[in-house]
Amino acid sequence: GSNLNVNESGSGIVAWCWDAGNTTVTNTNGTIESQVRSNGNFSVINYTGTGNAVSIGHGLSTAPKLLITKNISRDINWLVYHFSAGTNKSGALNLNSEFSNTTLNGATAPTELIFNTGGGNYENSFSGDEYVTYAWAATPGASNFGEYLGTGSDLTINCGFKPAFVMVKSDTWSPSNWVMLDNQRPGPLYANESNSEASLDLIDFQPNGFTIKGGSNDVNATAQNYIYAAFAGTGSEGTVVST
């Protein structure tokens, strides 16, 4: 079809893809059931909200480093957990605010079997609503998650492989965008904005990581903390992201 968000005639379109495998199973590791499709390193998890604190099975081979959750029954924020920001903090993928103190994960870090939710903060607020969580584990040579302290000048992050896709966000600086770059386009896109690609030169991809260029508030303000997610690519064309 010609939906302007994904297939406008004459427009450049980018898509980033993760392979979660071909099989969806019922996971009973948590206090409520979840429906999980996983390749062990990346999972898509569906569950029904209860309105109170629960644990949910994620199907990864190790504890997740990044969780992105959305209530798909309501117009509501995207919730982001990143292990470097802290167990009890969360950000909103659709906003440019810093991470805030919440009851995210019930103040308990995810384990190799489950992640926890509180009864609010968009992760499990409404009983009977449907939720989806995307979960990633760190995988040597394929995916890496961490944080760095901004310096205001060029800074190289070593993640052990050449990334195809990098997302960066300050968890302490506001306003700061969710910056997304890949190895196919020169400029960043922002998860929290509907703008077109920006004409900025923020990151260079390196054989073993990436270099943050300059002192933009979005990626490298002096003495501010930044979280990142980096993924290697696979395939001969485009940016097909692998975990």
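Eight strands line up in an open sheet here, in the order β1-β2-β3-β10-β5-β6-β7-β8, with antiparallel pairing. At the edges stand β1 (24–27) and β8 (100–101), each with a single partner strand, so one side of each has no neighbour in the sheet. Strands are DSSP runs of E with at least two residues, numbered from the N terminus, and two of them pair if DSSP finds at least two bridges between them.

A quick word on the model: it is predicted, so local features need pLDDT of at least 70 and side-chain atom pairs count only at pLDDT 80 or more, while totals for chains, interfaces and linings use all residues. Residues are numbered from 1 along each chain as its sequence is written, and side-chain values use heavy atoms, with hydrogens and water left out.

**Inside the sheet**

Take β6 (residues 78–82) and β7 (residues 89–92): they pair in the antiparallel sense over two bridges. Leu79 has Ala92 in β7 as its bridge partner.

Over in strand β1 you'll find Val25. Val25 is partly exposed, at 42% relative accessibility (buried means under 20% relative accessible area, exposed over 50%, partly exposed in between, with a 1.4 Å probe and protein chains only). Gln35 sits 10 residues away from Val25 along the chain, yet their C-alpha atoms are separated by 5.6 Å. Beyond its neighbours within four places in sequence, Val25 is in contact (heavy atoms within 4.5 Å) with Ser34, Gln35 and Val36.

**Salt bridges**

Side chains of opposite charge can pair when their charged atoms come close. The rule used here asks for a side-chain nitrogen of Lys or Arg within 4 Å of a carboxyl oxygen of Asp or Glu, and the count comes to five salt bridges. Among them are these:

| Pair | N to O distance |
|---|---|
| Arg185 and Asp182 | 2.8 Å |
| Lys213 and Asp201 | 2.6 Å |
| Lys213 and Asp204 | 3.4 Å |

What does the Lys213 and Asp201 pair tie together? Lys213 lies in the loop between β17 (209–212) and β18 (225–231), and Asp201 in the loop between β15 (189–190) and β16 (203–206), so the pair links parts that are 12 residues apart in sequence.

Are Arg185 and Asp182 buried or exposed? Both are buried. Lys213, on the other hand, is partly exposed, with a relative accessible area of 22%. Elsewhere, salt bridges that share partners join Asp182, Arg185 and Glu197 into one network.

Notes. Helix = DSSP H or I, 4+ residues; strand = E, 2+ residues; numbered from the N terminus.
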